[in-house]
Amino acid sequence: MPSPARRSEAPQLWRAPPPIRDEGVRVYVNAKQAMNITVQIPSALRRHTGGTAKLTCAATNLNELFSTLDEKFPDLKPHLRDDSGQIRRFLNVYVNEEDIRFLGGSSYAFQDGDEVLLVPSIAGGSLR
């Protein structure tokens with residue numbers, strides 16, 4: 001019959017991990033996860049999207065959305081932002097039928113399933 005194990009001979013269940021060397025490299029992970037949103041593009045802008053009327057993409061805010069649209073549709077880029085990178089003065093953006101300016105502007109964080117509508121203000125004509 002085997003002798004009972006003494007405490008000093010008991011198996012160790014947990015071991016501390018080895019120390020991590022700090023080599024001065026830092027990795028930052030964006031805690032915000034990109035949300036799937038649907039973007040509706042009105043007919044006035046579809047000539048710059050090859051006729052695409054609606055697309056689904058992942059973005060956390062308006063700047064990320066515009067960057068995604070810039071990549072997919074380079075001809076659309078000058079119609080979204082001005083030379084300083086700000087949203088065009090005459091472009092209205094609606095999220096779930098609410099003007100994004102009242103939701104926090106470009107800092108608004110998209111929620112999963114949001115529907116975004118881009119509406120350019122169109123004016124013109126002549127006075128007679």
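Good morning. The structure is a predicted model, in which local features need pLDDT of at least 70 and side-chain atom pairs count only at pLDDT 80 or more, while totals for chains, interfaces and linings use all residues. Residues are numbered from 1 along each chain as its sequence is written, and side-chain values use heavy atoms, with hydrogens and water left out.

I begin with confidence. The pLDDT, the predictor's confidence in each residue from 0 to 100, averages 79 over the chain, and 69% of the residues score at least 70. Over residues 22-31 the pLDDT is below 50, and beyond near neighbours in sequence this stretch has one contact (heavy atoms within 4.5 Å) in the model.

Next, the fold. Two helices and five strands make up the secondary structure; these are DSSP runs, numbered from the N terminus, with helices (H or I) of at least four residues and strands (E) of at least two. Read from the N terminus, the order is β-β-α-α-β-β-β.

Let us turn to the interior. A nonpolar core is a set of buried Ala, Val, Leu, Ile, Met, Phe, Trp, Tyr and Cys residues joined through side-chain atoms within 4.5 Å. The largest such core has 22 residues, and those with the most contacts inside it include Val-39, Phe-66, Leu-69 and Leu-118. At least two core residues come from each of strands E1 (35-40), E2 (54-59), E3 (91-95) and E5 (115-120) and helix H1 (62-72). Helix H1 gives the most, with four residues.

Setting aside residues up to four places away in sequence, Leu-69 touches Leu-55, Leu-76, Leu-80 and Leu-118. Leu-80 itself belongs to helix H2 (residues 77-80). Is Leu-80 buried or exposed? Leu-80 is buried, because its relative accessible area is 0%. Beyond four places in sequence, its contacts include Phe-66, Asp-70, Gln-86 and Leu-91.

Finally, the largest pocket. A pocket is an open set of points on a 1 Å grid over the protein atoms alone, where a 1.4 Å probe fits, with protein on both sides within 12 Å along at least five of seven lines; lining residues have an atom within 4 Å of a point. The largest pocket holds about 180 Å³ of space, and His-48, His-79, Arg-88 and Pro-120 are among its lining residues.

Thank you.

Key. Points joined across faces, edges and corners; volume = space filled by probe spheres on them. Buried < 20%, exposed > 50% of the residue type's maximum accessible area, 1.4 Å probe, protein only.
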